[in-house]
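Please consider the protein shown below, with its sequence and its three-dimensional structure side by side.

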Amino acid sequence: DQSDASLACGTNPSYTGDWTAWTGDLASEQQPTVCHELCFDVALLYDPTTGGTEPQMKLQGGAPDYYRATFKAYNVMTDSNGSSPGWRRICAPIRGLDSDGSLPSNDDGYWIMGVPHNYLSEDSTFPSASPSPNTAWLPL
(Lines give C-alpha, C1' and ligand atoms only; values in the text may rest on other atoms or scores of the structure.)
Protein backbone atom coordinates (compact mmCIF):
# COMPACT_ATOMS: atom_id res chain seq x y z
CA ASP A 1 0.00 0.00 0.00
CA GLN A 2 1.12 3.57 -0.60
CA SER A 3 1.31 6.24 2.06
CA ASP A 4 -1.79 8.05 3.32
CA ALA A 5 -5.26 6.58 3.77
CA SER A 6 -6.48 3.48 1.95
CA LEU A 7 -9.98 2.68 0.74
CA ALA A 8 -11.37 -0.79 0.20
CA CYS A 9 -14.93 -0.92 -1.04
CA GLY A 10 -17.20 -3.97 -1.09
CA THR A 11 -20.59 -3.21 -2.61
CA ASN A 12 -21.49 -6.80 -3.46
CA PRO A 13 -24.49 -7.94 -1.37
CA SER A 14 -22.22 -10.59 0.21
CA TYR A 15 -20.39 -7.78 2.01
CA THR A 16 -23.35 -5.74 3.20
CA GLY A 17 -25.66 -6.27 6.16
CA ASP A 18 -25.28 -7.12 9.83
CA TRP A 19 -21.76 -8.53 10.24
CA THR A 20 -22.42 -9.26 13.91
CA ALA A 21 -24.83 -12.00 12.83
CA TRP A 22 -22.52 -13.58 10.23
CA THR A 23 -21.55 -17.17 10.95
CA GLY A 24 -20.42 -18.35 7.53
CA ASP A 25 -17.53 -18.48 5.14
CA LEU A 26 -18.34 -16.42 2.04
CA ALA A 27 -16.07 -18.52 -0.18
CA SER A 28 -17.29 -21.98 0.75
CA GLU A 29 -20.79 -21.31 2.15
CA GLN A 30 -19.76 -23.26 5.27
CA GLN A 31 -20.03 -22.02 8.83
CA PRO A 32 -16.66 -22.59 10.55
CA THR A 33 -16.49 -19.49 12.74
CA VAL A 34 -18.33 -16.38 13.85
CA CYS A 35 -16.99 -12.99 12.76
CA HIS A 36 -16.22 -11.01 15.93
CA GLU A 37 -13.50 -8.61 14.78
CA LEU A 38 -11.80 -6.95 11.84
CA CYS A 39 -8.01 -6.87 12.14
CA PHE A 40 -5.35 -4.94 10.27
CA ASP A 41 -1.57 -4.72 10.44
CA VAL A 42 -0.03 -1.27 10.37
CA ALA A 43 3.32 0.47 10.72
CA LEU A 44 4.26 4.13 10.44
CA LEU A 45 7.29 4.15 8.15
CA TYR A 46 7.95 7.88 7.96
CA ASP A 47 6.48 10.66 10.08
CA PRO A 48 7.62 14.15 9.05
CA THR A 49 5.73 15.67 12.00
CA THR A 50 7.41 13.37 14.58
CA GLY A 51 4.21 13.46 16.59
CA GLY A 52 3.06 9.97 15.70
CA THR A 53 -0.47 8.91 14.88
CA GLU A 54 -3.30 6.84 16.31
CA PRO A 55 -4.23 4.23 13.70
CA GLN A 56 -7.87 4.09 12.71
CA MET A 57 -10.28 2.27 10.42
CA LYS A 58 -13.67 3.39 9.11
CA LEU A 59 -16.74 1.35 8.23
CA GLN A 60 -18.83 3.13 5.62
CA GLY A 61 -22.47 2.22 5.05
CA GLY A 62 -24.26 2.57 1.73
CA ALA A 63 -27.39 4.28 0.45
CA PRO A 64 -29.64 5.76 1.56
CA ASP A 65 -28.17 6.65 4.98
CA TYR A 66 -24.38 6.36 4.48
CA TYR A 67 -23.82 5.72 8.18
CA ARG A 68 -20.17 5.43 9.18
CA ALA A 69 -18.18 4.48 12.23
CA THR A 70 -14.49 4.90 13.04
CA PHE A 71 -12.40 2.55 15.14
CA LYS A 72 -9.61 4.49 16.86
CA ALA A 73 -6.64 2.71 18.38
CA TYR A 74 -5.63 3.71 21.90
CA ASN A 75 -1.87 3.72 21.36
CA VAL A 76 0.05 6.29 19.37
CA MET A 77 2.53 4.79 16.93
CA THR A 78 5.65 6.48 15.59
CA ASP A 79 8.24 5.83 12.92
CA SER A 80 11.65 4.37 13.83
CA ASN A 81 12.81 7.74 15.22
CA GLY A 82 10.00 7.87 17.80
CA SER A 83 9.17 6.12 21.05
CA SER A 84 6.67 3.58 19.64
CA PRO A 85 7.88 2.23 16.27
CA GLY A 86 7.21 -1.05 14.49
CA TRP A 87 4.42 -3.14 13.07
CA ARG A 88 1.37 -3.91 15.13
CA ARG A 89 -1.90 -5.76 14.68
CA ILE A 90 -5.05 -3.89 15.62
CA CYS A 91 -8.36 -5.72 15.96
CA ALA A 92 -11.69 -3.90 16.05
CA PRO A 93 -14.60 -5.73 17.72
CA ILE A 94 -17.63 -6.43 15.53
CA ARG A 95 -20.63 -7.16 17.74
CA GLY A 96 -23.83 -5.54 18.92
CA LEU A 97 -23.97 -2.59 21.29
CA ASP A 98 -22.80 -3.16 24.85
CA SER A 99 -25.46 -3.61 27.54
CA ASP A 100 -25.27 0.11 28.40
CA GLY A 101 -25.94 1.06 24.74
CA SER A 102 -22.36 2.06 23.95
CA LEU A 103 -20.40 0.97 20.91
CA PRO A 104 -18.05 -1.99 21.34
CA SER A 105 -14.44 -1.47 22.43
CA ASN A 106 -11.51 -3.67 23.41
CA ASP A 107 -7.87 -3.42 24.54
CA ASP A 108 -6.88 -2.09 21.09
CA GLY A 109 -9.34 0.81 20.84
CA TYR A 110 -12.94 2.00 20.53
CA TRP A 111 -15.64 2.76 17.95
CA ILE A 112 -17.29 6.16 17.45
CA MET A 113 -20.11 7.07 15.07
CA GLY A 114 -19.23 9.62 12.41
CA VAL A 115 -21.28 12.08 10.42
CA PRO A 116 -22.84 10.30 7.38
CA HIS A 117 -20.83 10.80 4.20
CA ASN A 118 -20.69 9.20 0.74
CA TYR A 119 -16.96 8.88 0.00
CA LEU A 120 -17.53 7.51 -3.50
CA SER A 121 -19.49 10.50 -4.81
CA GLU A 122 -18.48 13.22 -2.33
CA ASP A 123 -22.19 13.92 -1.79
CA SER A 124 -22.49 16.43 1.05
CA THR A 125 -26.25 16.52 1.53
CA PHE A 126 -26.22 14.72 4.87
CA PRO A 127 -26.87 15.87 8.44
CA SER A 128 -23.99 17.57 10.23
CA ALA A 129 -24.38 15.48 13.39
CA SER A 130 -23.43 11.87 14.07
CA PRO A 131 -26.39 9.46 14.31
CA SER A 132 -27.24 7.55 17.46
CA PRO A 133 -25.49 4.17 17.77
CA ASN A 134 -28.93 2.66 18.41
CA THR A 135 -29.99 3.77 14.92
CA ALA A 136 -26.84 3.35 12.88
CA TRP A 137 -24.51 0.65 14.28
CA LEU A 138 -26.13 -2.58 13.08
CA PRO A 139 -27.09 -1.27 9.61
CA LEU A 140 -23.41 -0.65 8.88
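The model is predicted. The protein has 140 residues, of which 26% count as buried. Among contacts with a separation of 6 or more, 54% are between residues 24 or more positions apart.

Strands of a sheet pair through backbone hydrogen bonds, in either a parallel or an antiparallel manner. In this protein, three strands form an open sheet in the order β2-β3-β5, and their pairing is antiparallel. The edge strands are β2 and β5 (109-114), each of which pairs on one side only. On average, neighbouring strands of this sheet are turned by 20° against each other, direction ignored. Strands β2 and β3 (residues 68-73) run antiparallel and are joined by five bridges. Within this part of the sheet, M57 stands opposite F71 in β3.

The surface may be considered next. The accessible surface of the protein amounts to about 9200 Å², and carbon and sulfur atoms contribute 50% of it. L45, Y46 and W87 make a nonpolar surface patch of about 480 Å². One of these residues, L45, is located in the loop between β1 (37-42) and β2 (56-60). Is L45 buried or exposed? L45 counts as exposed because its relative accessibility is 68%, and the cut-off for exposed is over 50%.

Terms used: Residues numbered from 1 in each chain as written. Predicted model: local features only at pLDDT ≥ 70, side-chain atom pairs only at ≥ 80, totals over all residues. Heavy atoms only, no water. Buried < 20%, exposed > 50% of the residue type's maximum accessible area, 1.4 Å probe, protein only. Contact = heavy atoms within 4.5 Å. Areas by Shrake-Rupley, 256 points an atom, 1.4 Å probe, with all protein chains shown as cover. Patch = residues over 30% accessible without salt bridge, like charges linked within 9 Å, V, L, I, M, F, W, Y side chains within 5 Å. Salt bridge = Lys/Arg side-chain N within 4 Å of Asp/Glu carboxyl O. Helix = DSSP H or I, 4+ residues; strand = E, 2+ residues; numbered from the N terminus. Pairing = 2+ DSSP bridges. Axes fitted to C-alpha atoms, helices over the stretch in contact; angles between N-to-C directions.
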